Amino acid sequence: MYSIVLEVPAAELPTRADHHHRIGVWALSTLATDTGGWRSINRAGLPMIHPLFTAFNEDLGDRLNGGSPATDVDTFADTVISAIAAAVEATGTASDSTAYAHSVAHRLLPNMLPYTVGTPAVFGFASWNGRSLIDNAPDVMFSLATNTPLSLGIGKESVPPGPSTVFPYVPPRRRRA
């Protein structure tokens, strides 16, 4: 397993006029092309966006990876709303599946992970504020998309050893026997 960890001092992050250090985090992976340029191959913000919405739609995945959060609502809202409405309609978990889907789409888009600098990270059902290494993002996102509790049986105990308590929080690498 490989990790890239970036630590940015809070003082280096912009402050809004109201002095709240709320930021939106997203990352982009690129691949060198044969022509000397770069091609976006993966864009990440909120966890589980690609498995939820692009697993069976390669074109949508390519467009999502090639875009930026600034264009997400215009580019993907209709697709996300349609997918969530269909899932909620199938489960029968909302009296108005389209209204529920609109609400969820506005929470998911733009595809950025919100975080208030200097506060504990938590990615839960009630709110998102970054993501700790033990948050169960798949259960949160699949439950949100279907409007019903879903559990994949993956918890913090699924990945021994647990995260370190100091930066970069990645557990020490195990030696192979």
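The model described here is a predicted one. Within α2, which spans residues 58-66, the buried positions are Leu60, Gly61, Leu64 and Asn65. These residues lie on the same side of α2, because the arc they cover around the axis is only 130°. An α-helix has 3.6 residues a turn, so residues three or four places apart point the same way.

On the face of α2 turned away from this buried side, the exposed residues are Glu58 and Gly66.

## The largest nonpolar core

In soluble globular proteins, nonpolar side chains tend to be buried together. Here, the largest nonpolar core comprises 25 residues. Leu46, Val80, Ile84, Leu108, Phe123 and Trp128 have the most contacts inside this core. At least two of the core residues come from each of α1, α2, α3, α4 (97-108) and α5. Helix α3 makes the largest contribution, with 7 residues.

When neighbours within four places in sequence are set aside, Val80 is in contact with Phe53, Ala105, Leu108 and Leu109.

## A nonpolar patch on the surface

Nonpolar residues are also found on the surface, where Leu133, Ile134, Phe167 and Tyr169 form a patch. Together, these four residues have about 370 Å² of accessible area.

Leu133, one of the patch residues, is located in the loop between β6 (128-129) and α5 (137-146). With a relative accessible area of 54%, Leu133 is classed as exposed, because the cut-off for that class is over 50%.

Technical notes
Residues are numbered from 1 along each chain as its sequence is written. This is a predicted model: local features need pLDDT of at least 70, side-chain atom pairs count only at pLDDT 80 or more; totals for chains, interfaces and linings use all residues. Side-chain values use heavy atoms; hydrogens and water are left out. Patches are made of residues with over 30% relative accessible area and no salt bridge: like charges are joined within 9 Å, nonpolar side chains (Val, Leu, Ile, Met, Phe, Trp, Tyr) within 5 Å. Accessible areas come from the Shrake-Rupley method with a 1.4 Å probe; for residues, only the protein chains shown count as cover. A salt bridge is a side-chain nitrogen of Lys or Arg within 4 Å of a carboxyl oxygen of Asp or Glu. Helices (H or I, at least four residues) and strands (E, at least two) are DSSP runs, numbered from the N terminus. Buried means under 20% relative accessible area, exposed over 50%, partly exposed in between (1.4 Å probe, protein chains only). The arc is that of the directions from the helix axis to the C-beta atoms. A nonpolar core is a set of buried Ala, Val, Leu, Ile, Met, Phe, Trp, Tyr and Cys residues joined through side-chain atoms within 4.5 Å. Contact means heavy atoms within 4.5 Å.
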